[in-house]
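Welcome, and please take a first look at the sequence and the structure below.

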Amino acid sequence: MLLPAPRILAAELLKVRKRWLPYVLFLVMVIGAAAHIWLLGYANWANENSAFDAFFRNETLRTFVLPHALPALLQSGQFWGSMLVGILTASVVGTEYSWGTARQALLRGQTRSEYLTLKLIGLVMVASVGLLAALGIGILFSLMASALVGEEVGGSISFGAAILMVLRTGYTIIPYGLLAFALTTVSRSTTLGVAGSVIFVVLEAIMIAVLSGIGTAWSETARAFLPSHNVAAILSANRIEGGEFFSLALRGQLLPVSLPDPAVAALVLALYCLVFLAISYAVFQRRDLQ
Amino acid sequence: MATADPDVVLRTVGLSKRYRRLLAVQDLSLEVRRGRVYGFLGPNGAGKTTTISIILGLIAPSGGHVEMHGLDTRTHLSEALHRTGAILEGQAYYPDLTAYDNLRVWAALSESVTAARIDEVLELVGLRDRARDKMRTYSQGMKQRLLLAGSLLHDPELIVLDEPTNGLDPAGMREFRNLIRELAKTGKTVFVSSHLLGEVEQMCDDVGIVKEGRLLTEESVSALRRRGEALELRVTDVERAVQVLEALDWVAGVTRADGRLVVDAPLERAADLSRALAEQHIYLHELRRREGSLEEFFLEVTGDAPAGA
Ligand SMILES: Nc1ncnc2c1ncn2[C@@H]1O[C@H](COP(=O)(O)OP(=O)(O)OP(=O)(O)O)[C@@H](O)[C@H]1O
Ligand SMILES: [Mg+2]
């Protein structure tokens, strides 16, 4: 696949930069991080300070005091991030159809695969910057809250391990972005792309719960193929010192032992990505654009 | 893949496009020559936009192919498009970007375009002062001019325009026509669609008339005009005059219309005609040159004329 020239990439980023949607989505992510650290974490802890027994006390501290706050933030960030990246993708891809501007690029000699690749690279860059910045702000909140509490929770991770956690989590967002990409490319509609990817995330959460409830061999197999089950498996590797597994129960509530191997899960997600990409490129290559 | 004639900048060969049961374009072959303004004339729904979209590679033809700059676009589309500029039907700009940023985005897609070139095309279409305004605040005429600027950024040899004067007022139309004539003077080839006959007549060197997806005729505007030319006369002896005139080899035909004769002959033969009649002692009451009208011809070929015209 051809990499776009820097000036073409800069122009693609200019288009995204001048829209208001990415900033709104970023704000939502920051609000999410604030809610996590301050409401779910700090306020919870401060309210029930004295009555708490040691276990719950510690548990609550772990939601907002580093290093445990990192996997916790990543866990909820993954859920909201998947949806918001889906919305961003659908909007960036879909408006080029509604504005008729996809045609402008193609009639200037950009090939169809170059066009899609450029969109993907631009989206990855914008989403990465937004998600990382939101995470940075979340960590900042966590440091502030920790300072207010003034208590240690123990545990430590190396910088490398922290980076690995972030990368793992980022990887699990990609299939959701590509789902939105494929939906919008096929339907040519921002609305359908947004609706489709949000509904998918919600529906998936419901299906996981239902399938887990059924508990037969058949339902376990079906569940194993759902992206979010595999996401949960990968996120379960975000453990500090091989210790307890943190879950806010947004994804599967399972313990790591009952989840697929993270490496297998990564492969399943890669397969999803490939399918979404193949659909997008195949459809767009043949598409009449009028 | 080079075409035989380097003078042909754009050629379609047996182009067709089927939408379910509708044949929007049927076996359409046309040729656009270097340095000419070619009017692609046809009523609404004739298949102009469909043809242009096929030429630009935006939609795939059901049959036939396109050669641009001597390149077969089935294999060299990207290369051919780098030497072509276009304005499409309908919106094709970023409404929330300024005009300048729209041009910046498009300029990035052509290697050679510099910042100075952006200013140059803005100057050319007279939008330099408004370049920092968002496109959504532009009037229809300004939008069209900006899109023209966008199509010229990379200094293309061929410019393809789909009804570029749509939505413009008469002054705007004239201004646009002048811009296009100016471009032709600098050696550019222009392919422009229109459903307005008068516009094509004033703006174009050649015209291809399309209806229901078929190309009905393709000729130079001046040749077409000549077709409708005729000499109209009233004479002292109608019967003998017809005999005399029909015997002349430069007379293509003589018809009678309430006491008058309409002679299908070149206008510059008027003197020869009166001499030929006088030699046979037939004299003129009246001799008039009838200018050719493209409109008559257009209505005739498209069959949209009222009965008997
Ligand atoms: N995507 C499509 N699906 C089905 N039919 C189509 C499609 N696009 C065009 N057509 C039909 O093809 C025919 C030619 O349309 P086209 O837009 O090429 O005409 P046009 O000459 O550009 O007309 P106008 O002057 O109104 O712009 C019309 O009958 C139109 O309804
Ligand atoms: Mg049209």
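A residue is called buried under 20% relative accessible area, exposed over 50%, and partly exposed in between, using a 1.4 Å probe and protein chains only. This is a predicted model, in which local features need pLDDT of at least 70, side-chain atom pairs count only at pLDDT 80 or more, and totals for chains, interfaces and linings use all residues. Residues are numbered from 1 along each chain as its sequence is written, chains are lettered from A and ligands numbered from 1 in the order in which they are written, and side-chain values use heavy atoms, with hydrogens and water left out.

**Charged pairs**

A salt bridge here is a side-chain nitrogen of Lys or Arg within 4 Å of a carboxyl oxygen of Asp or Glu. Over all chains, the whole structure holds 35 salt bridges. Three of them are set out here.

| Pair | N to O distance |
|---|---|
| B:E31 and B:R33 | 3.6 Å |
| B:R288 and B:E232 | 2.8 Å |
| B:E239 and B:R256 | 2.7 Å |

Let us begin with B:E31 and B:R33, which are joined by a salt bridge. B:R33 has a relative accessible area of 31%, so it counts as partly exposed, and B:E31 is partly exposed too, at 28%. Both residues belong to a network of salt bridges that also includes B:D5, B:D7, B:R11 and B:E67.

Next comes the salt bridge between B:R288 and B:E232. This pair links distant parts of the chain, with B:R288 in strand β14 (residues 284-290) of chain B and B:E232 in strand β11 (residues 230-235) of chain B, 56 residues apart. Helices (H or I, at least four residues) and strands (E, at least two) are DSSP runs, numbered from the N terminus. B:R288 is partly exposed at 40%, whereas B:E232 is buried at 10%.

B:E239 lies in helix α9 (residues 238-246) of chain B and B:R256 in strand β12 (residues 253-257) of chain B, 17 residues apart. B:E239 is partly exposed, with 47% relative accessibility.

**The magnesium ion**

Which residues coordinate the magnesium ion (ligand 2)? They are B:T49, through OG1, and B:E89, through OE, at 1.9 to 2.4 Å. Donors are N, O and S atoms within 2.8 Å of the metal (3.2 Å for Na, K and Ca), and sites may look incomplete because water is not among the atoms. B:T49 is buried at 17%, while B:E89 is partly exposed at 36%.

**A sheet in chain B**

Chain B has an open sheet of four strands in the order β2-β1-β4-β5, with antiparallel pairing. β2 (22-33) and β5 (71-72) of chain B stand at the edges with a single partner strand each, so one side of each has no neighbour in the sheet. Two strands pair if DSSP finds at least two bridges between them. Strand β4 (residues 63-68) of chain B and β5(B) pair over two bridges, and B:M68 has B:L71 in β5(B) as its bridge partner.

**A helix in chain A**

Helix α11 (residues 262-286) of chain A has 25 residues. The expected span of a helix is 1.5 Å times one less than its number of residues. Buried residues in α11(A) include A:A265, A:L269, A:F276 and A:F284.
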